Amino acid sequence: MATKPELAAYLCDLMQGAGEVSARKMFGEYGVYCDGKIVGLICDDQLFIKRTEAGAALLPGCPEAAPYQGAKPHFLIEDPENQEELVRFLRATWEELPFPKPKKPRKR
């Protein structure tokens, strides 16, 4: 079941305090970006944030699940309505994750 665009927009609005948060369509679901880094996914109407040590320290006992078959476990955010906690969690995750590697130019 594909995620509704309205839900992706709503979740991004909730996370705006962490930085510039956006969702990009990927294979029928959404990748969640914060200030240029991919920090999570929205799949099947659920919010998944990449697993980091900083995130584990902020939300001990947060459930983990794979957003799709074959994926590494991510934190499953069951209560995104707690905006203050979500923003702190997302920012801590962002700080631990590396920036994406620059893409190599295509050869002609």
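Helices (DSSP runs of H or I, at least four residues) and strands (DSSP runs of E, at least two residues) are numbered here from the N terminus. The structure is a predicted model, in which local features need pLDDT of at least 70 and side-chain atom pairs count only at pLDDT 80 or more, while totals for chains, interfaces and linings use all residues. Residues are numbered from 1 along each chain as its sequence is written, and side-chain values use heavy atoms, with hydrogens and water left out.

## The sheet

Six strands make up an open sheet with antiparallel pairing, in the order E1-E2-E3-E4-E6-E5. Two strands count as paired if DSSP finds at least two bridges between them. The edges of the sheet are taken by strand E1 (21-26) and strand E5 (64-65); each has a single partner strand, so one side of each is left without a neighbour in the sheet.

E1 is joined by six bridges to strand E2 (residues 29-34), and the two run antiparallel. Within this pair, alanine 23 stands opposite valine 32 of E2. On the pairing of E2 with E3, five bridges are found, again in the antiparallel sense. Here valine 32 stands opposite glycine 40 in E3. E2 is mostly covered, as six of its six residues are buried; buried means under 20% relative accessible area, exposed means over 50%, and partly exposed lies in between (1.4 Å probe, protein chains only).

## Turns with positive phi

The hairpin of E1 and E2 has two residues between the strands, and in it phenylalanine 27 takes a positive phi near 55°. The hairpin of E2 and E3 likewise has two residues between the strands. Aspartate 35 lies in that loop between E2 and E3, and aspartate 45 is found in the loop between E3 and E4. Each of these two aspartates has a positive phi in a residue other than glycine. Their values are set out below.

| Residue | Phi | Relative accessibility | Class |
|---|---|---|---|
| Aspartate 35 | near 45° | 30% | partly exposed |
| Aspartate 45 | near 60° | 25% | partly exposed |

## Helices against the sheet

Helix H3 (residues 83-96) lies across E1, E2, E3, E4 and strand E6 (74-77), and runs at about 35° to E4. Such angles, from 0 to 180 degrees, are taken between the N-to-C directions of axes, which are lines fitted to C-alpha atoms, for helices over the stretch in contact. Contact means heavy atoms within 4.5 Å.

What span should the 14 residues of H3 have at 1.5 Å a residue? The expected span of a helix is 1.5 Å times one less than its number of residues. For H3 this gives 20 Å, and the end C-alpha atoms are 20 Å apart, which agrees.

Several residues of H3 are buried: Leu86, Val87, Phe89, Leu90, Ala92, Thr93 and Trp94. An α-helix has 3.6 residues a turn, so residues three or four places apart point the same way. Threonine 93 has a relative accessibility of 0% and counts as buried. Beyond its neighbours within four places in sequence, threonine 93 is in contact with Ile49, Lys50, Thr52 and Gly55.

## The nonpolar core

A nonpolar core is a set of buried Ala, Val, Leu, Ile, Met, Phe, Trp, Tyr and Cys residues joined through side-chain atoms within 4.5 Å. The largest such core holds 24 residues, of which Met15, Leu47, Ile77 and Leu90 touch the most other members. At least two residues of this core come from each of H1, E2, E3, E4, E6 and H3. H3 gives the most, with five residues. Leaving aside neighbours within four places in sequence, methionine 15 is in contact with Val21, Val32, Leu47, Leu86, Val87 and Leu90.

How many disulfides does a search of the whole structure find? The search finds zero, a disulfide being a pair of cysteine sulfur atoms within 2.5 Å. Cysteine 12 is in no disulfide, and the nearest cysteine sulfur, that of cysteine 34, is 9.8 Å away. Cysteine 12 is buried, with a relative accessible area of 6%, and cysteine 34 is also buried, at 0%.

Lysine 107 is placed in the segment after H3. With 82% relative accessibility, lysine 107 counts as exposed. Lysine 107 and arginine 24 are 83 residues apart in sequence and 27 Å apart in space, C-alpha to C-alpha.
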